[in-house]
Amino acid sequence: MPAQLSCIGPACGAAFPIEDVLYACPRCGALLAVEYPGLRLDPAALKRTWRERRTSNAPLDQSGVWRYRELIPFLDLGRHAVSTLREGNTPLLAAPQAARYAGLNALVFKHQGFNPTGSFKDNGMTCGASQALRLGLRRVACVSTGNTSASMAAYAAAAGLTAVIFLPQGNISFGKLAQALEYGALTLQVEANFDQILTLVRGLAEKTGIYLLNSMNPFRLEGQKTIMVELLDQRDWRVPDWVVVPGGNLGNVSAFGKGLRELLALGFIERLPRLAVIQAAGAAPLYDYFHSASQGEFRAVQNPETLATAIRIGDPVSWPKAMHEIRASGGTVERVTEQEIADAKAVIGRCGIGCEPASAATLAGLKKLVAAGIVKPGEDVVAVLTGNVLKDPDYIYRYHTGQLLTPAGVAIQSRFGNAPRTVPHDADRIAAVLEAAADPGP
Ligand code: F0G
């Protein structure tokens, strides 16, 4: 089955060979997508095959990405190597307390934090790193707010590639920085923000021939689209009403929308869920654009600020793809404050689930969308938690001990705070503390 790189520019439509190293259309500059013209599949047979693969011991079957390889046929798997760490396979977790908090009858989280490096980036990176292997490119690079770099470092190390990582100095969590170091990446902390560094590195990639694995690399999005395939497989192909996801560089929502549209076109599902993207209020250029009357020019946010550093992005590369997918699905965009993110995150923690700050934007956004009547209490909603609770322990400690400040220096209230207590080495006094301790409640 031929795969190609297609320009998404509506007036262009150029197509390029799958082996070309391109991050944007050489003719018009628009983003590229991996497409499979003429792809025809047998949904009923494949749904059975994918289910059977769950019990297989073969590495590709065990991967929650490559299990669905018929939908991402850009490699010749008989010939090309795949870099896999058994990504995907992330659970659906019911969260009644979080549902109540948002005003919903029920809510399910698809928790991408269960991935090998703790975020959804692994779903994409297995494809990006494998494409690097196929192209024979030995050096890979990315600019990252932390999770892409952690993931790329791991997949590069596993595949014997050299990883070069560019990070905004001082603005990524220690958990993520630690991962990059541990996986052996050359780690460069640049004194600039994500958007500024990305512009710089795009130029550098062209000059040095280093392979860029940011999400404008369309192979990454091929892997991330399988998050939706796995979700539907886990739900026996019942389509939810809404899929809610945080938005930063907007690769993930673009991938989800592409995957869902392809499933619809190929006959796996009969309708699309609506996509809701939630941004942090200090880094919400898509929200501004989506809700502007004219939807004329897309305006980047010059100095994006949020404690949810994963989504501290003011000039998201994939906004045209994201807009296309949100429109195609009848979706929406919401924005949430630092306090709203912090509270929602603590509520997700109280469900025994936990996530990193950016992921909690989903629950905070849902609460607002329900209050506004856009999401109905009885609707079937899946929120995607993008990163593991241990990605940013510093944030957690500060929140629960009343020390968390917004980027502007305003104190965040620890509404669901749970500070540790120091007790003497004395059984009686500890027993007294236990007796006095109120049940923390739901
Ligand atoms: N949630 C987490 C935990 C992330 O790490 C990111 C992005 C997002 C949400 C937003 O996803 O960019 O596809 O809209 N992190 C990138 C990184 C930018 O470098 O790790 P998006």
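Good morning. The structure before you is a predicted model, in which local features need pLDDT of at least 70 and side-chain atom pairs count only at pLDDT 80 or more, while totals for chains, interfaces and linings use all residues. Residues are numbered from 1 along each chain as its sequence is written, and side-chain values use heavy atoms, with hydrogens and water left out.

I begin with helix packing. Helices (H or I, at least four residues) and strands (E, at least two) are DSSP runs numbered from the N terminus. Axes are lines fitted to C-alpha atoms, for helices over the stretch in contact, and angles run from 0 to 180 degrees between N-to-C directions.

Helix 12 and helix 13, the latter comprising residues 357-371, pack at about 100° with axes 7 Å apart. Helix 12 and helix 13 are therefore roughly perpendicular to each other. Where do they meet? Contact means heavy atoms within 4.5 Å. Helix 12 contributes Glu 340, Ile 341, Ala 344, Lys 345, Val 347 and Ile 348, and these meet Pro 357, Ala 360, Ala 361, Leu 363, Ala 364 and Lys 368 in helix 13. The residues of this contact divide into 9 nonpolar, no polar and 3 charged. Here Ala, Val, Leu, Ile, Met, Phe, Trp, Tyr, Cys and Pro count as nonpolar, Asp, Glu, Lys and Arg as charged, and the others, Gly among them, as polar.

Helix 12 (residues 338-350) also packs against helix 14 (residues 393-400), at about 95° and with axes 11 Å apart. That makes helix 12 roughly perpendicular to helix 14 as well. On the helix 14 side, Tyr 395, Ile 396 and Tyr 399 meet residues of helix 12 that include Ile 341 and Lys 345. This contact has 6 nonpolar, no polar and 3 charged residues.

On a 1 Å grid over the protein atoms alone, a cavity is a set of points where a 1.4 Å probe fits but cannot get out; a pocket is an open set with protein on both sides within 12 Å along at least five of seven lines; lining residues have an atom within 4 Å of a point. Grid points are joined across faces, edges and corners, and a volume is the space filled by probe spheres set on the points.

The largest pocket has a volume of about 420 Å³. Of its 21 lining residues, Gly 170, Ile 172, Thr 309, Asp 392 and Asp 394 are the closest to its centre. Helix 14 gives the largest share of this lining, 3 residues. By class, the lining has 8 nonpolar, 8 polar and 5 charged residues.

The second largest pocket holds about 260 Å³. Its lining has 17 residues, with Ile 8, Arg 261, Lys 321, His 324 and Glu 325 nearest its centre. That lining divides into 9 nonpolar, 2 polar and 6 charged.

How many cavities of 30 Å³ or more are there? The count is 3. The largest cavity contains about 320 Å³, and 28 residues line it, with Phe 120, Lys 121, Gly 248, Asn 249 and Ala 310 nearest its centre. Helix 13 is among the elements that supply at least two residues of this lining. The lining comprises 10 nonpolar, 15 polar and 3 charged residues.

Thank you.

Notes: Angles under 35 degrees count as roughly parallel, over 145 as roughly antiparallel, 65 to 115 as roughly perpendicular and the rest as oblique.
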